[in-house]
Amino acid sequence: MTRKLQVPLVTAEVDGQRVQVPEASTLLEAIRAAGKDVPTLCYHPVLEPIGACRICVVEVEGSRTLVPACIRRVEAGMRVRTDTPRVQLSRRMVVELLQGSVDTSLAPDVRRYAAEYGARPERWEPFAQEGPRAKHAPKVDNDLYVRDLDRCILCYRCVRACGEEVQNSFAIAVAGRGLAARIDPGFDLPLPDSACVFCGNCVAVCPTEALVPKTQFEMRRAGTWEEGRQQVVTTICPYCGVGCKLNLHVQDNRIVKVTAPLEDPITRGFLCVKGRFGWTYVHAGTAADPGGGAEPSTPPGNL
Amino acid sequence: MFGAGGGTNSYREMEETDLILLWGSNARETHPVMFLHMLKGVRRGARLIVVDPRRTSSAAFAHRWLPVRVGADIALANAMGRYILREGLLNEEFVREATEGFERYREAVEPYTLEYAEAVTGVPRELIAATAREYATAPRAMICWTLGITEHHNAVDTVFSLTNLALLTGHVGRYGSGLNPLRGQNNVQGGGDMGALPNRLVGFQDVEDPEVRARFERAWDCTIPPKAGWHLTAMYDAMEKGLLRGLYVIGENPVRSDANATRILRLFRELEFLVVQDIFLTATAELADVVLPAAAAWCESEGTVTSSERRVQRVRKALEPPGEARDDLWILQELAGRLGRPWDYPDAEAVWNEVRELSPLHRGMSYRRLEELGGIQWPCPSEDHPGELFLHGRLWKRPVEGPRAPFMPTHYEPPVDEVNEDYPLLLTTGRRLYFFNTGVQTALYRTPVPQEEYLVLHPRDAGRYGIAHGDRVRVCSRRGAVEATAWVESTVLPGLCFMTLHFPEKTPTNFLTVDAADPKSGTAEFKATAVRVEPVPRGRVLVEATREGAP
C-alpha cells in the first residue's frame, strides 16, 4: 500500500498573515495556501519551477534582492510581502521588456499583468527595434503545429516539457544568446528533420501561442477562431488502451483543437501525436477536411 | 490472470516501482503516455529492461535490451525461472503459501539451462542471468507486455511463462509489483469486461457457470447457450465448414486486420449475409450486403471505455454525427426491435446501470461517481468503494484468501511458419508511432512522416539480397506477396525484418501473415512469418500488391 509520510510543517508569514505549509514547499505554494496569489509566466503546475521569467518576485524580509516565489523554498519564520511598490515596479518592468521585444497579443496572462501593473512597453521601443529577435515569419514546416517565434517569451516551458520532465524527446532547446536567444530544434532545422515526435506537449504548455496547433493558427488568420463560441467536451482518446482524457474544443460541430485536462493524473495534460492531432478523420469527406499527406522526411518510428 | 482478466497494477505504480520488464512491447510508440509514467519511474531510479527482437525506441531508453529471437520468449522466461531457482532467489514463503503446482514448474524449467536458452533465444547467457537476478531481487518489479507476447500460436503459454516468473518471485499483488498486459485499443479491456468474449458474460463472468447464467437469464428473460461460443479463429474455421454463414461486424476491419488475408477475403465473400457497422466504408464494409453507418463512438456518442489499468471512464458526445450515421446503441436497439425483442434503454446510462446490476466488478460505478472520481478502477463492488489500485493483494493474506495462484508449466515451441531456403527471413509486425492498426483513423491526418509502408531490414540481409535503402522491394511469403519500400538499419537483427499493418490499401501486409493461431485465445501468429525479399525492378507493377490483393 502507499504510505503517507508525515512531512514536518513550517510556519511563515505572507502579508502579515501566518501560514503553515509542508517543509520544502515553495513560496508560491505558501502564498497560495494563504489565499493570496502572485503572477506567474514560466511557472507551470505540472512542470518543475525554474525561476526564469521573474514576474513572480516578492519581497522577503532580510533579503537584499527580490525573490522569485515559484522556486524559492519556504523557511521557518520567513516574512513575505507579495505586493509592495518595489515588487510592482519590478513586475511592470518584466512585462514591459517582454512586450517591448515580442508580440504578446495572444498571451492572455501577459496582457492581464500589463493592465494590472500599468505597463508602458513603448518606453523600450528604441531599444527593441535594434534587436535581432524582431520579426521572424511564423515557421510552418509541418501540418500539425506552427512555431511563431515572434511571440516567444523564452519561458522554457516547452523545453522542459520536451525534455526529461515529461516527453524525453529533447528535440528543442534554447539556441543563441541575449536578444538572439530562441527555441530551436538545432541548426534551425525544420521540425520534421529534428528529433520531434509531434506529441505537441510543447504546444500544450506554451502561454503565448508561439507554439500553436496549425488548425488554430489557420483559423486565427482566417478570422474564424472564436474561443467564446467553443464548447469543451471531455472524452477518452480513440486510439491505444492507455485511456487518456481528451478535451475536445468544438466550434460549429467541428473539433478545432484537442488538449488534455491538467488535473488528469494519467496524462497531466500531456498526450501523444495521435491523441492530440489524429482526430481529423472524424470530419473526413466534409468541406473543411484538410486531407492529403505531408512530404516524406523522417524515418519510421524514429524517436 | 489468476481469475481476473486485467492488468494488476496502475500507471502510477510504474513511477514508484524498482524494475520494469517490458516484454514484447514498444510502449514508447504504442502506448506513449503510459511510457511517460515508466520514464518517470526510470528517472526516480527504476531499472528498465526491454525484451524485444527489435532494438525499438523503447529499448533505446532501457538499461538493458534482450534481443530475443522471435517466438523464443518461453525459453527465455523458463531459463530465467531456472536460474532464479538454482540461485535460490525465489520467494519461498510466497511460493509455499500462495501458489500451487510449483513442483511441476520446477521440473518443467529444468531443461532450460542458460546455455540452451542462449542457443534458442539468441540472448547472451550473462544477460539472461543478470536480468533474472535483478528481477528476482528487486524490492518491487513489474512485467508489462503487449502483442509481442500474445500474437503467437502459443500466446497463452507465453503469458503463463511470464506469470510463472511473478509467482516464483512474489512480484504480484503488491503496490509496484505485478503483471500488466498493455491494451492496444481504447476499449479492448472494456470489451472483454462486458462479455465480448465467447466464454464470458458481462463482468467477465463464466458463461458455462449455471448460476451465473441463471442470473442473466432472469434479468434478460431469455435462454443463454450453455457452452462457450467461438473465438475469432474458430469463427473462421466455422465459416470454412459452412457452419457460420452470416456475420455482423461492428467497428472492425477484419479483411485488413486478420492474418492470411487471402483466406479471410475468400471466407467473407462466401458468406451468405454480411452486415458491417462502421464509421467508414472500410474494405470489409465494401463486401457487405448491408452497411450500417455508425457514429464515432468516442466523440459522437455517450458511454464508457475501460483502460489498461482497469479504469472505467466516460466517453461523451461532443459532435452530432454526420448524415445518417447513428449511435451504436440506437442501431442495436432498432435491430433488436425488428428481431422481436423490443429493448427500451433511454440512454447509455440505462445500459450501464444494467451492467452494474449484473456485474459485481462494476456495481459501485454510477455515472455520477465516474464523473466525480474521473473514472474508477474495477473491482468496485459498492458505491462506497474507491476501486482497486492493484489486484491480488489477497495472495499476501495468510492464510491466502481464495484459491491459490497456479504455476502453469510451459514449453518452448518455435513459430509455426518455418524459415528455410525459399523463405529465409522472419517477418515480424507491429505498430509505428504515428499510425494505428489498418489506418482507418490515421490515414486522414497529415502526419509528418509519409503514409507509406517500409520493410525494415538488417544491412547484412539487404546486402545479401541486393537491396539498397529506399528501394522498392517485393516481400513474399507462402501465402502472398506485397510491395514496400526498404528501410535498411540494424534495429532488427540479421534474419529478421519488420512491417506494420497500417497501409493495407497499398501494402496489405496480412496477405503475408500466417493464420496459425493459439488454440485457447484464437489469436494468430502475426509476429512470425517466413518471407523472402527481392528487389523490384523500376517501373514494374505488381498486380498482387494492389487493392484487394487479387482481382
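A: Charges first: Lys and Arg count as positive and Asp and Glu as negative, leaving out His and the chain ends. Each charge is placed at NZ of Lys, CZ of Arg, CG of Asp or CD of Glu.

Q: How many positive and negative side chains does chain B have?
A: Chain B has 63 positive and 74 negative ones. The centres of the two sets lie 4 Å apart.

Q: What kind of model is it?
A: A predicted one, where local features need pLDDT of at least 70, side-chain atom pairs count only at pLDDT 80 or more, and totals for chains, interfaces and linings use all residues. Residues are numbered from 1 along each chain as its sequence is written, chains are lettered from A and ligands numbered from 1 in the order written, and side-chain values use heavy atoms, without hydrogens or water.

Q: What box does chain B fill?
A: Its C-alpha atoms fill roughly 70 × 65 × 45 Å along the principal axes.

Q: How much of chain B is buried?
A: 59% of its 551 residues. Buried means under 20% relative accessible area (1.4 Å probe, protein chains only).

Q: Which residues have the most contacts inside the largest nonpolar core?
A: Leu21(B), Trp23(B), Tyr135(B), Ile143(B), Leu165(B) and Leu168(B), in a core of 52 residues. Such a core is a set of buried Ala, Val, Leu, Ile, Met, Phe, Trp, Tyr and Cys residues joined through side-chain atoms within 4.5 Å.

Technical notes. Buried < 20%, exposed > 50% of the residue type's maximum accessible area, 1.4 Å probe, protein only.
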